[in-house]
Amino acid sequence: MLVIRALWLGNQPARILYFITMENNRFDVIVLGGGPAGLTAAIYLSRARLRTLVLNIGTAGGQMVLTHEVANYPGVESVSGYTLSNTMKKQAKSFGSVIKNIASIQQLTLNGDVKQVVTGDGTVYESDAVILATGGRSRELGVEGERQFKGKGISYCATCDGEFFTDKEIIVIGGGNSALEEAVSLTKYASHITIVHQFDYFQAFEYAIEEAKQNTKISFKLNSVISKFQGGESFDGAYIKDVNTGEESFIKSSGAFIFIGYQPNTEVLKGIVELNKWGEIVVDSEMKTSLDGVFAAGDAIAKRYRQITTSVGEATVAALATAGWLHEQRRKKVSLAH
Amino acid sequence: MLQTNLTHVTTADEWKKIIEENENVMICCGRMGPMCIPVYGVMEDLEEEYKHVKFADMPFDSPEAHVIRNAPEARGFMGLPFTFYYKNGKVVKATSSIQNEQQVRSILNDQFGKNNQ
Ligand SMILES: Cc1cc2nc3c(=O)[nH]c(=O)nc-3n(C[C@H](O)[C@H](O)[C@H](O)COP(=O)(O)OP(=O)(O)OC[C@H]3O[C@@H](n4cnc5c(N)ncnc54)[C@H](O)[C@@H]3O)c2cc1C
């Protein structure tokens, strides 16, 4: 094939090089995201002998690598997320999947017969079908000082950084299960915790609310939002604003822990596939998106429960549906040709 | 010892040896936790490309890790991991908490150069 194309092009080196490169970068399916969903899809696709490329931003395994201990993955008594990620990655590779770490995506063209992904370094990849498995991440507050004091007072992980705040006063931001449970766990270290929450009610389960309310080290600032984090060489505290009165006050503290929920990694998909108002990808029961030949699975899709098992299950459906769709497209092409 | 594929530094003597024997060194001092693991992952991914940099980890909870925990450059650090960059045995940069590939790359490029030319 390559030789024929080279002769046909009259042996022009640049164009030949372009075609050779494209030949290497042409796949049956491109999977965006290498978390449990992306890796599962890759295992199924490559076992079905489909040339599969996984393009992943960050560490393969996604949020799963962040999990210290996975105790609810059936068939495995207890395993670190890191080990489970490595095993899934190895499995996908052993069946022939290509896994590439990328820094970013520059351009996505998913609406034609040939899908195209241009990565941050300008490399162009093409495929007949795409599976979107870009997952999600913890939400950032996005206020002044947040980035500046990350690791120097601001944290998103109580088990990682709690001990740095031993006998210190801190703030916890959020009103869901993670915020309240982590606030209680932080009372092991901190001398006092102020929970700052934007509503006058919590979105957490009743048991978590009760536990936090009964803890004498915890007090609450409800109907309040953080307007700015303040400090010089070290973190000094946060300005909070009462959402009803607009009144601003300052809470002096040594640190702030932020637990304000989850956000899907779908910024790059805006205006390309249908997303709901929370930015989650809309799919049908076969994991098809609004575009032909584009499927999705895992934490990035619109759904209620976000677990490794749910991601793996959806990715299985997405991969099998993709394989079926590709088969059908190719069958149609052959019958048209005859 | 941390469960990574990086070179492991477990004692203060090993730390001294690695920063003295290698011109450019990056050591991530942490635990197997959610903020540290992504940094080890980035280092494992970049190891192949930055052959002129020695990448290593060190367990934060080991008493021997005082060489990093108590270094003056770590003053004010309140987030794991503590990541140190050394050139000819001297600290040239230190960061606290999780860093992504772009952030690590940018420090490596600034401090040690893109590759070994
Ligand atoms: C601290 C923590 C503990 C958890 N504990 C458990 C547990 O014990 N049990 C359990 O079942 N679940 C647990 N979960 C949830 C579970 O990890 C997730 O539900 C699961 O990882 C989702 O898988 P995913 O593949 O859909 O997405 P992710 O795991 O989020 O993976 C998506 C991947 O895609 C990458 N990506 C993002 N954007 C792009 C893009 N544009 N192009 C290419 N790649 C991109 C991401 O960087 C990431 O690598 C936990 C989550 C966290 C954060």
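These legends go with a set of close-up views of the predicted model.

**About the numbers.** Since this is a predicted model, local features need pLDDT of at least 70 and side-chain atom pairs count only at pLDDT 80 or more, while totals for chains, interfaces and linings use all residues. Residues are numbered from 1 along each chain as its sequence is written, chains are lettered from A and ligands numbered from 1 in the order in which they are written, and side-chain values use heavy atoms, with hydrogens and water left out.

**View 1. A:Arg26 pairs with A:Asp128 in a salt bridge.** Here a salt bridge is a side-chain nitrogen of Lys or Arg within 4 Å of a carboxyl oxygen of Asp or Glu; over all chains there are 18. In this pair the closest N and O atoms sit 3.3 Å apart. A:Arg26 is in strand 1 (residues 26–32) of chain A and A:Asp128 in strand 6 (residues 124–132) of chain A, so the bridge ties together parts that are 102 residues apart in sequence. Strands (E, at least two residues) and helices (H or I, at least four) are DSSP runs, numbered from the N terminus. A:Asp128 is buried at 18% relative accessible area, and A:Arg26 is partly exposed at 28%. Buried means under 20% relative accessible area, exposed over 50%, and partly exposed in between (1.4 Å probe, protein chains only).

**View 2. A:Arg147 reaches A:Glu140 through a salt bridge.** The closest N and O atoms are 2.9 Å apart. A:Arg147 is exposed, with 68% relative accessibility, and A:Glu140 is partly exposed at 37%.

**View 3. B:Arg105 and B:Glu49 meet in a salt bridge in chain B.** The N to O distance is 2.8 Å. B:Arg105 belongs to helix 4 (residues 101–112) of chain B and B:Glu49 to the loop between helix 2 (37–47) and strand 3 (54–59) of chain B, so the two tie together parts 56 residues apart in sequence. Both partners are partly exposed: B:Arg105 at 23% and B:Glu49 at 40%. Salt bridges with shared partners also make one network out of A:Arg26, A:Asp28, A:Glu126, A:Asp128 and A:Arg330.

**View 4. The ligand sits among 29 residues.** A residue makes this list if one of its heavy atoms lies within 4 Å of the ligand; A:Asn56, A:Ile57, A:Gln63, A:Asp299 and A:Ile308 come nearest. By type, the shell has 9 nonpolar residues, 17 polar and 3 charged. For that tally, Ala, Val, Leu, Ile, Met, Phe, Trp, Tyr, Cys and Pro are nonpolar, Asp, Glu, Lys and Arg are charged, and the others, Gly among them, are polar. Strand 2 of chain A gives the largest share of the shell, 3 residues.

View 5. Taken alone the ligand exposes 1000 Å², and the protein buries 82% of that (areas by the Shrake-Rupley method with a 1.4 Å probe).

**View 6. Helix 2 of chain B is mostly covered.** Of its 11 residues, 8 are buried, including B:Tyr40, B:Met43 and B:Leu46.
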